[in-house]
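Trainee: I am new to this structure. Please pick one part, look at it closely, and then show me what surrounds it.

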Amino acid sequence: MYSRKIQAALRKKGLNIGDRILLTKRGKKFEGLLMPQTKSGDAGTIVLKLDNGYNIGIEFERGTSLSRSRTKEPEPEKREAAYELGKKGSTDEIKFDQKKPIVSMISVGGTITSKVDYKSGGVTTLNRPTDVLLNVSEITDITNMKNILTPFTIMSESMNHTHWQSLARECARELNKRSVDGVIVTHGTDTLHFTSAALSFFLKNLGKPVVVTGSQRSADRGSSDAGMNLICSSHAALSDIAEVGICMHGNISDDYCLFSRGTHVRKMDTQRRDAFRPINEYPFAKIWPDGKISMKNDNHNKRDNKKVVEVDAKFEPKIAMLQTYPGSDPGVMEHLIKQGYKGFILQATGLGQVPSKTKSWLPAIKRATGSGVPVFLAAQTIYGRLNCNVYSEGRAALDAGAVPLGDMLAETAYVKLGWVLAHTKTMNRIRDMMLTSYSGEINPRTLVGSFLY
Amino acid sequence: MDYKRLGLKCGLEIHQQLDTKHKLFCNCSARFEDKEPVFEVKRKLRAVAGEMGKVDIAARHEFLKDRMFRYKVYKNETCSVELDEEPPHPINREALEIALQVAMLLNCEIPEEIHVMRKTVLDGSNTSGFQRTALVGLNGWMKTSFGKLGITNVSLEEDAAQIIKKTKKSVIYGLNRLGIPLVEIGTSPDIHAPEDAKEVAEKIGMVLRSTEKVKRGIGTIRQDLNISIAKGARCEIKGVQKLTLLPKIVEIEVQRQKAVINSGRKVTHDVRKALLSGRTEFLRPLPGAARMYPETDTPPIAITDRMLEKIRKSLPELILDKQDRLVKKYKLNKEVANQIIKAGKTELFEKLAKLSYINTAVNVITRYSKQFRVPDQKLIELFSAIKDRRIPKESLESMLEKLSKGKSVKEVTAKGLPEAVSEEEIRSETKAILESNKGLTFGAYMGLLMNKFKGKADGKTIAKVLKEELRG
């Protein structure tokens, strides 16, 4: 955003962003296209794109004069500026092969459909999410992606249950089309695993794959992982694995992707291509861009195109996830209960212990569960299985009414709790549902090789 | 050849590696000390829509479709940033200062806000598919023997990964070089004669070396030429290794373009490779302008007046000016002056020359520095002790040797400083000895005289005087 002074000066001369202007300051002349200023730049500095393609910032001081330039800009510079300013996405269209199996794509935003944005100075969503496919032409050899939908666009850190619900409905609609063989959801990576967990619970009677994917590197760069992720996701969407899963790079080379169960997968690094790892489980499969699939986990529903998907997306949003840690205050939970919160996931330490000496959490847990507010425990360590029988402190947590959730991921537990509480209010029924595996979210066995897979 | 009539237009583009501690956008070492890579990462790149016209895109796709790039990772010189697994860190301030110095030395205008851009590069030499580059100076100029030459840009950018091996389907790159800071200097195409190209390259090289912050050695500086003649076309000639070859390359390229025109064909816009013979070979067609868009992972960099003042005050003296000064002020000859400058010891030399004899300072810096490694501070102390005594060569050498072995100046000068006797004294003593010892051999006289003066005079001088006296 430019300062009011600059905006006024531009208005006075009838100059707009994208115009070719001449800036004269202290006898020096600068000529180029007027670009917007980013939030992280100085509002009192004018950004020009020079003919050599570089942007520079010139401070607008007293004595600086602006005018429309009388010379013409070179073609490539014009094209580049138009692209940068979002004036033209590409007018190219990708041509699909009608004979290929159909996979629907539902795009809801994220780095995978992003480009540079001037207002924030960072990266934001493309005008046409499908533009990302223009760089992945191999996809036409694999699938006919004739249905591409954008029910909404949002960066995933700002998502909530209403987005999951909308997404579930769109997925079900596509899945129930006889012609569609699978669905790909493109999504921001920050909360990808929350969405995959939600879809795992909301979509009942799944007979086709739902593949959630994204990219860690923005789609506007040549090294983006978007391409390979989309290709491998297409293969996953056409596979026999009728589950909700996340498909992202398996290592930092462009080798293969991992297709992991939506309730047992988590983003484990801020930025690496292979940030998404299966937790406490093997991935369903390793998938290569050429279509090779190496199964790692046969515990999945097999494809059945005749199954009709039902949406059960009821959700109680007034729940919270808290962590116990040295010095943590159980008063936080009590405060939230006073605010009307109906259930809690506590990320407990070790095998399922909470602080029990100074600032003990036990009384607060007891009061909560005693008054109909369920408290469930998930592993703060991310990996591993809870067992409150081993330590007396763990037993104390059990006695206070907390319920450990085995090897369930905390984020998955949070999503599941919201879903369960929308179905029943009785403590016993809540507990039973939480401990029942609806989409593989609790495993009876821990396989040793799954740690840090 | 009448280059003017031929309408020769030539511009230079010079890329120089900077000698900073860290790389431009991360904290990896920029010193090239790792010997072996520790592992390898394989990647594919994709052409990005919106970048070029439709035809270019199709060609790009084809080129990249089956190409798998192999990147070698080095322990101290590669991190997640080079692997495109982490956003860039804030720009290296040390490198920025050097680039600003260069921009100032070349009389450029420096924008108040510097924007780092991404320049699309899809040959695999940048893991992210682009090179980060920023314009630091523009509209500069440089004085030459043929007039004022425009400096179109001084840019600060990352060096690319280096090719280790190229096969048909893949390229193996080393990630140690990726990210090393480079300064790029571009001139306007106002060079109109082959010899002038060499002069410009030499002068720009001198300006760069004046900062004392540029890397030296093979591959640390790359020189490219842009050449065209009237009715011809601009061709870019990459990788000129020896400056002395520049005029020849220009001549041969002009001839080549002339020959194409004369045969009735059109000169194509080429990128050509400079060969050691002075000829060039076709590499590829000159691409359209590469895509440049903002590097939004780093905010724009404010260049305040305060920063500029600080840099202006600390601008290095140009090597050319240093040379002039040493020759004029200290009456040194050009070679000796260059030796001192090249050794980076100008400041030290001037300090020593102030304390004691210029000759002694010259000898200590040029000759003795190779034999005896004595820290600068100790030399200054020594010269402060010597003051205006004439120290004979052998004594000086012996003192320097002791200092290089760790002795302090105090210890070395404890027994007092051997003061050389004047030539007058040597002559009168020689006369006396010749008088009272007739008929001895030259060697015997030398022995007597050396014994008499015991280190207070050097053998050479004594021998010279003795010879003169014997001759009568």
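Mentor: Chain A is assigned three domains: domain 1 (4–84), domain 2 (102–311) and domain 3 (319–435). Such bounds come from an automatic or database domain assignment. This is a predicted model, in which local features need pLDDT of at least 70 and side-chain atom pairs count only at pLDDT 80 or more, while totals for chains, interfaces and linings use all residues. Residues are numbered from 1 along each chain as its sequence is written, and chains are lettered from A and ligands numbered from 1 in the order in which they are written.

First, the overall picture of chain A. Its C-alpha trace spans about 80 × 60 × 35 Å along the principal axes. The chain has 11 helices and 23 strands (DSSP runs numbered from the N terminus: helices are H or I with at least four residues, strands are E with at least two). Of its 453 residues, 49% count as buried. Here buried means 20 or more other C-beta atoms within 10 Å of a residue's own, exposed means 12 or fewer, and partly exposed is in between, with C-beta atoms placed from the backbone. Take the contacts between residues at least 6 apart in sequence: 70% of them join residues at least 24 apart. A contact is two C-beta atoms, placed from the backbone, that lie within 7 Å. The C-alpha centres of domain 1 and domain 2 of chain A are 41 Å apart.

Strand β1 (residues 20–25) pairs antiparallel with strand β2 (residues 28–35) over six bridges. Pairing requires at least two bridges found by DSSP between the two strands. A:R20 faces A:L33 in β2(A). β1(A) and β2(A) make a hairpin with two residues between them. In that turn, A:R26 has a positive phi of about 50°. β2(A) also pairs with strand β3 (residues 45–49) of chain A, antiparallel, over three bridges. There A:L33 stands opposite A:K49 in β3(A). Strands of a sheet pair through backbone hydrogen bonds, either parallel or antiparallel.

Move along to an open sheet in chain A. Eight strands form it, in the order β9-β6-β10-β12-β13-β14-β17-β18, with mixed pairing. Its edge strands, β9 (148–149) and β18 (293–295), each pair on one side only. Strand β6 (residues 102–107) and strand β10 (residues 180–186) run parallel, joined by six bridges. A:I106 has A:V185 as its bridge partner in β10(A).

A:I139 lies in helix α3 (residues 139–142) of chain A. A:I139 is buried because 22 other C-beta atoms lie within 10 Å. Leaving out residues up to four places away in sequence, A:I139 touches A:L133, A:M145, A:L230, A:I231 and A:S234. A:V375 is another matter: A:I139 and A:V375 are 236 residues apart in sequence and 46 Å apart in space, C-alpha to C-alpha.

Next, the meeting with chain B. In all, 40 residues of chain B are in contact with 42 residues of chain A. On the chain B side, the elements giving two or more residues are β2 (39–43), β5 (116–120), β6 (130–144) and β15 (292–294). That side divides into 19 nonpolar, 10 polar and 11 charged residues (nonpolar: Ala, Val, Leu, Ile, Met, Phe, Trp, Tyr, Cys and Pro; charged: Asp, Glu, Lys and Arg; polar: the others, Gly among them). Strands also pair across the two chains. Strand β4 (residues 55–59) of chain A and strand β4 (residues 113–114) of chain B are antiparallel, with two bridges. A:G57 is opposite B:E113 in β4(B).

Last, chain B itself. Its domains are domain 1 (3–31 + 88–159 + 179–294), domain 2 (317–412) and domain 3 (423–471). The C-alpha centres of its domain 2 and domain 3 lie 30 Å apart. Four residues of domain 2 of chain B are in contact with four residues of domain 3 of chain B. The domain 2 side of that contact has one nonpolar, one polar and two charged residues.

Helix α10 (residues 358–371) of chain B has 14 residues and should span 20 Å at 1.5 Å a residue; its end C-alpha atoms are 19 Å apart, which agrees. The expected span is 1.5 Å times one less than the number of residues. α10(B) bends by about 40° at B:V364 (the angle between axes fitted to the seven residues ending there and the seven starting there). B:T360, B:A361, B:V362, B:V364 and B:I365 are its buried residues. They pack against α8 (334–342), α9 (346–355) and α11 (376–386) of chain B.
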